[in-house]
Amino acid sequence: MSDPVEHYVAELAAALRGPARAKSRMLDEIRDGLTETIAAHSDHGVPHDHAVARALREFGTVDELVPSCQQELTVAQTRHAAATLVGVVGSLLACGHVAWTVGGWQLPAAAQLLVGIAALAATLAAAALAATGVLTRWVPAPPGLPTLVGWASSTASVAMPCTAIALSTTSPLDTTWPSTGLTAAVAVAAHVVLAASARTCRECARLG
């Protein structure tokens, strides 16, 4: 890559993990900042190549920039994973409640336990949203929160398909198959969404 600025941004992109939109916005801001700094140096008569080199020195090396950028992205990914967990589990519980009410059948004990685990994970995620949002005005977010949200999301993502299996193996399918089938389909979709979000959150937690 011949353009030093694009090479710098590409190296930074490869080193960072986080929500795609937040990461893209951050890289765009850094690219724009470099471009403006180069233009400012050029306006003062500095030759272009020297202006580029000077701007890159002022921004710091990629290794120097990664920790602060990753910290910001880790918070963003924690909030993204927590919001996904709350939304997915909340939607699934609402969907299941309607299906169970309409069907008029009792949720099996194993499924109740798994739903309880997912609901607990969602409660932790809701607390994480508060801890990384408005509460940061008064109290800093706990350093282990990204790891906690990552593993809570992973736990909920595993509980979802297990709940579907428990439902399909213990319910009277001759009368409940529409409700069970719908719940199982939603549970599998929830697993896919939560697992990806949880994996990225754990990666961010490891990086900082």
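Q: Hey, where does S157 sit?
A: S157 is placed in helix α6, which covers residues 145-170. Keep in mind that this is a predicted model.

Q: Okay, is S157 buried or exposed?
A: S157 is buried, as its relative accessible area is 4%.

Q: Why does 4% count as buried?
A: Because buried means under 20% relative accessible area, and S157 has 4%.

Q: So what is S157 in contact with, leaving aside neighbours within four places in sequence?
A: H191, L194 and A195.

Q: Switching topic: how many helices and strands does the chain have?
A: There are 7 helices and 0 strands. Reading from the N terminus, the order is α-α-α-α-α-α-α.

Q: And α5, how many residues does that one have?
A: Helix α5 has 23 residues, running over 109-131. From first C-alpha to last, α5 reaches 33 Å, close to the 33 Å expected at 1.5 Å a residue.

Q: Which residues in α5 are buried?
A: Among them are A111, L114, V115, A118, A121 and A122. Further along α5, A125, A128 and A131 are buried too.

Q: Why do steps of three or four places matter in a helix?
A: An α-helix has 3.6 residues a turn, so residues three or four places apart point the same way.

Q: Zooming out, what share of the chain counts as buried?
A: 40% of its 208 residues. The accessible surface is about 11200 Å², and carbon and sulfur atoms hold 64% of that.

Q: What about contacts with a separation of 6 or more?
A: Of those, 76% come from residues 24 or more positions apart.

Definitions and conventions
Residues are numbered from 1 along each chain as its sequence is written. This is a predicted model: local features need pLDDT of at least 70, side-chain atom pairs count only at pLDDT 80 or more; totals for chains, interfaces and linings use all residues. Side-chain values use heavy atoms; hydrogens and water are left out. Helices (H or I, at least four residues) and strands (E, at least two) are DSSP runs, numbered from the N terminus. The expected span of a helix is 1.5 Å times one less than its number of residues. Buried means under 20% relative accessible area, exposed over 50%, partly exposed in between (1.4 Å probe, protein chains only). Contact means heavy atoms within 4.5 Å. Accessible areas come from the Shrake-Rupley method with a 1.4 Å probe; for residues, only the protein chains shown count as cover.
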